Amino acid sequence: MDHFCPWVGGVVSETSFKFFIQFVFYTLIFCVFSLIICATFTAEIIQDTGGANVHLAIGIGLSSLFGLFSFGMTISSLQLAMWNLSTIENLNRRSAVWTLAIRVPDRMLARLNPESRWAPTFRTITYPLPPVPLSPEAARDYQPPEKQHVFAILQTLPGENPFDLGSPFKNLQQVLGYSIIDWFLPLRQSPCADRTTGDSFYELGPVVSRLKKEAGLNPPPESQPTTQNDTERKHKRRRSSHRRSQE
């Protein structure tokens, strides 16, 4: 959630933040247009009659008031989108520490043995969790599911944002879309609302890549390193998947 907006009558979240930015942007344009029209007619009336029209004067005041408000909301919303943060997260963005649960690849589960020389330095949690509470008899008879997922519990440094993709433009794309049409027309939802990826609800940035590297969760050295072309193909697949999900 980003915030509750009384002007749109609901919560602004990842599924509507893009539309909120477009709403305040076009409201700003409308206010500027109204201000120009009212000011032009007021100037003509003063020149012709020496007086002013009360209705036009009120229009100038309201256009100026809501124009300034819309301008501030547009700038602040775009700034948050470029940081890939919500309004609530921005309150303590310089000191916030994120705790992340990153799935440990199955090929590395053997290394989680405390007696292994590759014993991890991070805490782990396994899902699904056993039912709680368990009686002593039930605990002895409890058999964990065959398919379990182990997650490493990692923490960022204060002020680091795991969802910052490394550039303001990439962060804007996650909110507004990959094409210029998506930026200005409310036709599709934001790519950040796409839930087709299995790694995370939201695309993760270089901070998470560094944490995985420090924890030893990266692919083994013998695997083929990811090239720039591979990254571009990955983004293209995400874009095409996002378009198909909207159609």
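Is N84 buried or exposed, going by its relative accessibility? In this predicted model, N84 has a relative accessibility of 17% and counts as buried, because the cut-off for a buried residue is under 20%. N84 sits in the loop between helix 2 and helix 3, the latter spanning residues 87–90. The backbone at this position has a phi near 60°, which is a positive value in a residue other than glycine. Most residues other than glycine have a negative phi.

The overall make-up of the protein chain is described next. The secondary structure comprises 8 helices and 5 strands. Read from the N terminus, the order of elements is β-β-α-α-α-β-β-α-β-α-α-α-α. The chain has 247 residues, of which 30% count as buried. When contacts with a separation of 6 or more are considered, 71% of them involve residues 24 or more positions apart.

The average pLDDT of the protein chain is 82, and 77% of the residues score at least 70. Among the elements, helix 2 has the highest mean pLDDT, at 94, while helix 8, covering residues 228–246, has the lowest, at 58. Where pLDDT is low, the predicted coordinates should not be read in detail.

The second largest pocket holds about 380 Å³ of space. Its lining consists of 20 residues, and those closest to the pocket centre are E14, N84, S86, E89 and Y202. Sorted by class, the lining contains 11 nonpolar, 5 polar and 4 charged residues. At least two lining residues come from helix 2 (54–83), and at least two come from helix 5 (168–176).

Helix 5 also contains a run of buried residues, namely N171, L172, Q173, Q174, V175 and L176. Just after this helix, G177 has a positive phi of about 120°.

One is Q22, which is found in helix 1 (residues 17–49). The C-alpha atoms of Q22 and L176 are separated by 9.0 Å, although the two residues are 154 residues apart along the chain. Q22 has a relative accessible area of 6% and is therefore buried. Leaving aside residues up to four places away in sequence, Q22 touches D182, W183, F184, L185 and P186. The other is Q189, whose C-alpha atom is separated from that of L176 by 8.1 Å, with the two residues 13 residues apart along the chain. Q189 is found in the loop between helix 6 (180–184) and helix 7 (206–215).

P191 lies in the loop between helix 6 and helix 7, and P191 counts as buried, with a relative accessibility of 3%. The C-alpha atoms of P191 and E14 are separated by 9.2 Å, with the residues 177 residues apart along the chain.

How values were computed
Residues numbered from 1 in each chain as written. Predicted model: local features only at pLDDT ≥ 70, side-chain atom pairs only at ≥ 80, totals over all residues. Heavy atoms only, no water. Helix = DSSP H or I, 4+ residues; strand = E, 2+ residues; numbered from the N terminus. Buried < 20%, exposed > 50% of the residue type's maximum accessible area, 1.4 Å probe, protein only. Contact = heavy atoms within 4.5 Å. 1 Å grid on protein atoms, 1.4 Å probe; cavity = no way out; pocket = protein on both sides within 12 Å on 5 of 7 lines; lining within 4 Å. Points joined across faces, edges and corners; volume = space filled by probe spheres on them. Nonpolar A, V, L, I, M, F, W, Y, C, P; charged D, E, K, R; others polar. pLDDT = per-residue confidence, 0-100.
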